[in-house]
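These are my notebook entries on a model I opened today. I jotted down each thing as I looked it up.

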Amino acid sequence: MRRTLPVALTFIVGVTAMINTYFVNPSLAAFCTRYLARTSTVSSAWAVGLGTLNLMRIHIRRINRRQDNWQYSVSLVVTYVIFLFLGVFLVGHQNNHFFQAFFNSIQPHLSSTMFSVLCFYIASAAFRAFRMRSMEATMMLLSAFIIMLGNVPIGAAIFPPMPQISDWIMNQINTSSLRAMSIGLSMGGIAQTMRNLVGIERGHLAAE
Amino acid sequence: MSVDRWRKFIHMDKRIIYLIMCIGVVAPMFMTFGLPITVERPMQDFFNVIENLPPDSIVVVAHEASPSQISEFKPMLICLMTHIYQKGHRIVIQSFWAQGNALALEWSKSAFEANGMIYGTDYVCVGYRTGLTAIMDGARTNYINAYSDRDHYGNTLSTMPVMRGFEKASDIGLVVIFTGGSPGVGEYISNWQSRGDVMNMIACAAAVQIPPEMVRYQAGMLQGICGGMSGAAQYEKIMGMPGSATSGMDSQGIGHLTIILLVILGNIGYFIIRNAEAKERASRDAAVS
Amino acid sequence: MFDVPTTWSAFLRGDIGNWIGAFLTLAIFSILWKENPIYRWCEHIFVGSTSAYSVVTTFSSTIKTGVQTNMIQNGDWWEIIPICLGLLIYFQPFPGYRWISRFPTAYWVGYNAGMGLTIRTFMPLLTYARTSMLPLIVTTNGAFDLMASFNNTVFVGSLFLTLLYFFFSFDFIARQQWILSGGRWIVMLAFGASFGTTVMSRISLFLGRAEFLLGDWLGILPK
Amino acid sequence: MDIASLREGLASALGGWLATDANNRLGLTTVVFVIYYASCNAYWIFKARGNSPLRKLRRIAGLDAIDEAIGRCTEMGRPVLYNLGMDGLSSSTFASLAILSYVAIRVVRYDTRMITVTRYASVLPVAENTVRQSYVEGGKPDGFRIEDVRFLTSDQFGFASGILGITVRESVAANLMFGYYYAESLIFAEAGFESGAIQIAGTNNNSQTPFFIPACDYCLLGEELFAASAYLSKDRIRTATLVAQDLGKLFIAVLMGLGVIFTTFGSNVIQNLMTLF
């Protein structure tokens, strides 16, 4: 019962949400958006709390036991507490001007810098891995090469038809192959979801 | 180079690669090479749409962007604001991304200052609101009411000269959508275009967003596209005002070339080492037998 | 509940904001040299601040509106059910009662699985099929169009080769070496092209940061 | 055959209750396909319950390498890092959870440490349960350490920076990344390379696979990620669903093949039949 009931809940909720989209039935559709979807949104909001409890537990334990890097955990917990305090007690919560200004003086810089580190990683990954070791690697290297040259004016300056060749690869090979892969991926995703829905895979249920 | 040198080269510290890449990208910011830029069809169409607008039109600039798009969108905004102003149209900036409005004002500041454009007369920013569908829907009957008669700074919209004759979405002459993801072009098309309010739509797309917007361009939903940094550079070229995108394209060119050269050299090294090792093995086998 | 003067926000948006931004930017870039204390410190700040931010936004936009607006103002008392269901997840850490926390998880898995099997998940498959039905022999104005025919043949050929490569349980296909290697080559060509197109946007990102550091912060960029 | 009148008849018969799409008119075809796919599943699952031998699966190198990666961690005494991907409870995360339970059982058996990370808090309890279950099945229920299943933040690059730090500081020896990834894929892969880990990755985001291929030792291409659950568990019913999945693709391939043949000879019958309602 402790195992069957959750599996049944999964199945009933899932099938209702699914069936709804196949048929035109205003009352079922209204039920789904009003109750099913809302329940999912509201109840999963609590998970965020569980997540941060996990985060805090790890770092507070690290501080208590003076494990490696505990000083950094202090800064994490302090930042967390400051932001939580401001967010909870400032008027308007996350829409408060100071909360926004404070968050925006930190997050966008960190986030876009972390993102832009990729500019260097992409260069080093290309240098390290693009070797003509096998036919496959050569294929990947060649097309990346042509596309890169086709994308910048320098490519056309070196070899005038380069943009056309790169367009051809994009339109004929990239599009078609990715389309075939998307077909496979959707089918795979569907099969995987179905296994979870009918309870063939139930690893997500808590152990006793 | 000897085989050992090559071996050292292909196993070089990746920090050297980072450094080369950094120099390759940053150096052109200080000295522009002026690599050739050709204006492509989608960009020419983009330009022509603005050229052919009836005078004194209202142009909505939907700046659906986040800070990381600065290098692509800032030069586009500068050209776009100048272009629209020179053609004698009025600009209304809006955005459904939390930071989009403030970013649009900040990034186009130099264009506003250079042209002497006046807030409230030549351009206005209506600010961020949540509830995209409700607002876009409301704007179809009364734009000012949908934005509760307040602009980005909390001033009254309806008394501003820039808003004269602008009641509902169908009064808009053109929507320019800056798009870096969702919400983006799709929302404007489904809310305003497919319901017949505004037919004229052009897009400024971040590089990652070019392929889906191209599909819309080919389907005729968008009349023109200014795509990525190369689009911005083309715009600067047509407008005759070279700026950060033109030098950015030099950076792009050198950056791409750096990666390409690294890959070529890496492969040359790889083949030289492989040949040397094969020879070594052959001579060792010969010695054994 | 309290508020602070707007000058505080203006202060953060001014020059001091540029200095904070520059420091954080350089700290993150320092990871390229090696993992170091300054990066580590920034990383922890990053995780702490964004984590708290997501707690604040989620609770105030979902649970607070649920309780304050929907339940108390509009009298929609049924929302107590999802709130209680969500709360059950907090039984997770207690061994004897852990099974209770299965109910919210089961609900989420069920709802998400259901949304993953809607008609909209199946439709694109058939849209792809329909839009890929290209004629292999194209005639333009009554004359045979070699280029278009060749393009369509390549398109359909690489589509089918890729599709066949991903059949797992068909022994017949698994024995055809030409499908396995041909399919893999096509896939690699496609992935190489995707790699090549992405380089541009990554360089743009770094250019953005470089402009911030050299222009907004140091002000040494030529105008 | 008069397509137009057929269309009209179907529209008046089905219009009130069967959902479709005004532009594509694929409603009926989709339902036919769903019924076909469901019956394939039913048939093969029924068959799998018997004793008749099922079909053999094609080899997937990336999945075979998982054992090697865990073995190496055990030898070196360094942890495994398991990344559940950047998506909430979607199909890719489900697939990743299936691989996680396989990996976790081996980790328990070899007494190796494994750090599991997830971006969304709603995945956290699910991941925790999966790992805990493996410890129970492995006979070491007390060996489970709650701090090894971690949530950091749902901010995309905040999470990426955190994982980058963990990978390098804990000097992981195997970096397993399965699930949906966005642009940060290369950050994880470079971090794993930096710490000298064996890296195996698989994502259903085709625009990120090109970054995993050069940076990782093994990379699952496309839907190999979804085949993993059946492939690793060797469970008969899961294999049956995989066969049904292949049959679903076969349907589309045959449809497409017919379409190509018909259009080549100048007839649009297949397209018209597909878009009746």
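**Entry 1: one residue to begin with.** I found C:D3 partly exposed, because 13 other C-beta atoms lie within 10 Å. For the cut-offs, 20 or more other C-beta atoms within 10 Å of a residue's own make it buried, 12 or fewer make it exposed, anything in between is partly exposed, and the C-beta atoms are placed from the backbone. C:D3 sits in the segment before α1 (6-13) of chain C. Leaving out residues up to four places away in sequence, I see C:D3 touching A:L90 and A:V91. Contact here means that the C-beta atoms of two residues, placed from the backbone, lie within 7 Å.

**Entry 2: ground rules.** I am reading a predicted model, where local features need pLDDT of at least 70, side-chain atom pairs count only at pLDDT 80 or more, and totals for chains, interfaces and linings use all residues. Residues are numbered from 1 along each chain as its sequence is written, while chains are lettered from A and ligands numbered from 1 in the order in which they are written.

**Entry 3: confidence.** The predictor gives the complex an ipTM of 0.90 and a pTM of 0.90. I also checked chain D: its mean pLDDT is 91, with 99% of its residues at 70 or more. pLDDT is the predictor's confidence in each residue, on a scale from 0 to 100.

**Entry 4: chain C as a whole.** I noted nine helices and two strands in chain C. In sequence order the pattern is α-α-α-α-α-α-β-β-α-α-α. The radius of gyration of chain C is 29 Å, well over the 17 Å that the globule rule gives for 223 residues, so chain C is more spread out than a compact globule. That radius is taken over C-alpha atoms, and the rule is 2.2 Å times the number of residues to the power 0.38. The C-alpha trace of chain C spans about 75 × 60 × 40 Å along its principal axes. Buried residues account for 48% of the 223 in chain C. Of the contacts in chain C between residues at least 6 apart in sequence, 17% join residues at least 24 apart.

**Entry 5: who touches whom?** Ala, Val, Leu, Ile, Met, Phe, Trp, Tyr, Cys and Pro count as nonpolar, Asp, Glu, Lys and Arg as charged, and the others, Gly among them, as polar.

Next I took chain B, where 22 residues are in contact with 21 residues of chain A. The largest share of the chain B side, 13 residues, comes from α12(B). By class, I get 14 nonpolar, seven polar and one charged on that side. No contact joins chain B and chain D, and their closest C-alpha atoms lie 10 Å apart.

**Entry 6: domains.** Chain D is divided into domain 1 (3-53 + 248-274) and domain 2 (61-233), with bounds from an automatic or database domain assignment. Taken over C-alpha atoms, the centres of these two domains of chain D are 37 Å apart.

Definitions and conventions:
Helices (H or I, at least four residues) and strands (E, at least two) are DSSP runs, numbered from the N terminus.
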